[in-house]
Amino acid sequence: MSATEAPARRPNVFAAAEVCAAVFACLVVFLFLCLPVFAIFERAAETDFFDTISSSTVTEALRLSLLTTTISLTLVVIFGTPVAYILARVPFPGRDIADTLVDLPIVLPPAVGGLGLLMAFGRRGIFGEWLDDAGIEIAFTTTAVVMAQTFVASPFFIRAAKAGFEAVPQNLEDVARTLGSSRSSAFFRVAIPVAAPSLMAGAVMAWARALGEFGATIMFAGSFPGRTQTVPLAIYRQLETGVEAPLALSAVLVVISFVVLLTFRLLMRRAAFTL
Amino acid sequence: MKSLLRLLWRRVPALPAAVALAIALSLLASACADDVAAPEAPTPGTSTADPTAVPTPEPLSGDITVFAASSLIQAFEEIAVAFKAENEATRVNFNFAGSQDLRTQLELGAQADLFAAADTRQIDLAAESGVVVDDHEIFAHNRLVVIVPKANEAVITTLQDLAEPGIKVVLANVGVPVGAYSRQFLIKASDDPAFGPDYGANVLANVVSEESNVRQVAARIQLDEADAGIVFSSDVTTELAAAVTTIEIPDALNVLADYPIVLTTEAEDIDIAEAFIEFVLSDAGQAILVEHNFIGID
């Protein structure tokens, strides 16, 4: 804010101190964030990494995690986008409350989400008995994993998408309407493309949250290899028998996450230039 | 509803973070306790000069941390109360989890004075990695039972019913003592003509979740989320008995679980830790274990 005037008036000692403090803070944060990641690779390298990585527990967990997070993300985007648009554009009584409810899973401990899902959709849950009568079983299935992930991840997408839609100038859509677009085509051909970077950012955050999901999953879906044991559950479970498989899984997870985030960042930069 | 919440509060999976927090808190608690004890220090400072003296009944003071198998929760908490009644200046802190979890925590550097496990395998592995001393004491035995929800909609009345297709069975995973014992039972039963050679495989095919400790298995059945589970007979507490029906496993097929207790190599307060082991083995300690459906050592 005062960046243009203040430094000029201050003695150089302060400027030097500021630089030192900033560099120190950067070092501390960088080391703190990087050392655990480095330690995982350092230790994983000591193990028979490629043997471990091709073992069935590891590949099953990775396959399951990629499958479930893909489905969860698809659901979050399909259902979350209209919700975000309505929250951003349509004024209605109680919108603050609706907004807060949507954000709630971000703040709630995942275990609370898992317990809630169990109480709602478990065999003795509120809807569970009804589902049970209809022959639909959810608890302990891959469906339960997807539900847990969708529950915890959706606010990350909806928040970002809502901010994106709020930033789309209303008159852009109005102009499209006056030029003969229907409401829905204005939404698809104006609002969505303009808000695309925010939608993408939200989708990446939601996917990352789904990938890391642990608490709600273990409570609601249980833990069974190949069916409900996603990578975080497998890391937790395998740590009981040894540190090799957890290290391998962690290393793979770090690489996947890094590649996804970096790709996303580069894509966003290109999008920013072309827009 | 209230009791349900209380149940889950106690039985939700021990998330790594919670464990870390528990360890941090117990360390903090022991640090605080040391501070409190400090003002009394001057006199013991002189008495340490004659270590050869016959163990005069000098009161023990300080606290110890005991890592104990999940199945020991109620029994050990009661033993700790009785132990404290005899040794007022002591405190026993617990960390309850699956024995294999506790062993891993010790190997990763968690601080404890005693380790009480639900099988000797975990103690042997811990001794191999040098986190506990070599000689352990067996202080109790336990046996397996099958539990089914009171509602029992799957209509399970015999052990053979566990192999019926479509039944939802919950076991502890094979790394957990009770999970390993459960599989031993399945192997024994498969050799028995009354069950047939496919019995074990059929039961395992019905498993919908593998839990990290015995109490999580019990909780799944208590909440009626699954049709049957295998736990220790000592896990059928009065609270659990209200929600489940027990199916006994005959002695010939059952597995007698050994519960060993051992000092860790990092134990800080060896006097109290040894006194605690002695108390667990004493008549008073054994009576409490038996009261909680463990089998005493005789």
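Reader: Looking at chain B, which residue is the bridge partner of Asp63(B) in E2(B)?

Author: In this model, which is predicted, Asp63(B) has Arg91(B) as its bridge partner in E2(B). That bridge belongs to the pairing of strand E1 (residues 62-69) of chain B with E2(B), which runs in the parallel sense over eight bridges.

Reader: And what sort of unit do E1(B), helix H4 of chain B and E2(B) make?

Author: Together with helix H4 (residues 73-86) of chain B, the strands E1(B) and E2(B) make a β-α-β unit, and that unit is right-handed.

Reader: Staying with chain B, what is the strand order in the open sheet of five strands?

Author: The order is E7-E6-E8-E5-E9 in chain B, and the pairing in this open sheet is mixed. At the edges are strand E7 (207-211) and strand E9 (244-248) of chain B, each of which pairs on one side only. From one strand to the next, the twist averages 30 degrees.

Reader: In which sense do E6 and E8 of chain B pair, parallel or antiparallel?

Author: Strand E6 (residues 169-172) and strand E8 (residues 228-232) of chain B pair in the parallel sense, over two bridges. Within E8(B), the residue standing opposite Val169(B) is Ala228(B).

Reader: Which strands does helix H7 of chain B touch where it packs on the sheet, and which does helix H9 of chain B touch?

Author: Helix H7 (residues 177-190) of chain B touches strand E5 (144-149), E6, E7 and E8 of chain B, and its direction makes about 120 degrees with that of E6(B). Helix H9 (residues 214-222) of chain B also packs on the sheet, where it touches E5, E6, E7, E8 and E9 of chain B, and the direction of H9 makes about 140 degrees with that of E8(B).

Reader: Switching to the other chain, how many helices and strands does chain A have?

Author: Chain A has 13 helices and zero strands. Its C-alpha atoms fill a box of roughly 65 × 60 × 35 Å along the principal axes, and 37% of its 275 residues count as buried. Among the contacts in chain A with a separation of 6 or more, 77% are accounted for by residues 24 or more positions apart.

Reader: How is chain A divided into domains, and how far apart do their C-alpha centres lie?

Author: Chain A is divided into domain 1 (1-46) and domain 2 (49-274), whose C-alpha centres lie 33 Å apart. Their contact takes six residues from domain 1 and six residues from domain 2 of chain A. On the side of domain 1 that touches domain 2, the residues divide into five nonpolar, no polar and one charged.

Reader: Last topic: how many residues does each chain give to the contact between chain A and chain B?

Author: The contact takes 18 residues from chain A and 20 residues from chain B. On the side of chain A that touches chain B, helix H6 (110-121), helix H11 (215-220) and helix H12 (231-238) of chain A are the elements that give two or more residues, and the largest share, three residues, comes from H11(A). The residues of that side of chain A divide into nine nonpolar, five polar and four charged.

Technical notes
Residues numbered from 1 in each chain as written. Chains lettered and ligands numbered in written order. Predicted model: local features only at pLDDT ≥ 70, side-chain atom pairs only at ≥ 80, totals over all residues. Domains from an automatic or database assignment. Contact = placed C-beta atoms within 7 Å. Nonpolar A, V, L, I, M, F, W, Y, C, P; charged D, E, K, R; others polar. Pairing = 2+ DSSP bridges. Helix = DSSP H or I, 4+ residues; strand = E, 2+ residues; numbered from the N terminus. Axes fitted to C-alpha atoms, helices over the stretch in contact; angles between N-to-C directions. Buried ≥ 20, exposed ≤ 12 C-beta atoms within 10 Å, placed from the backbone. Right-handed = clockwise from strand over helix to strand, strands pointing away.
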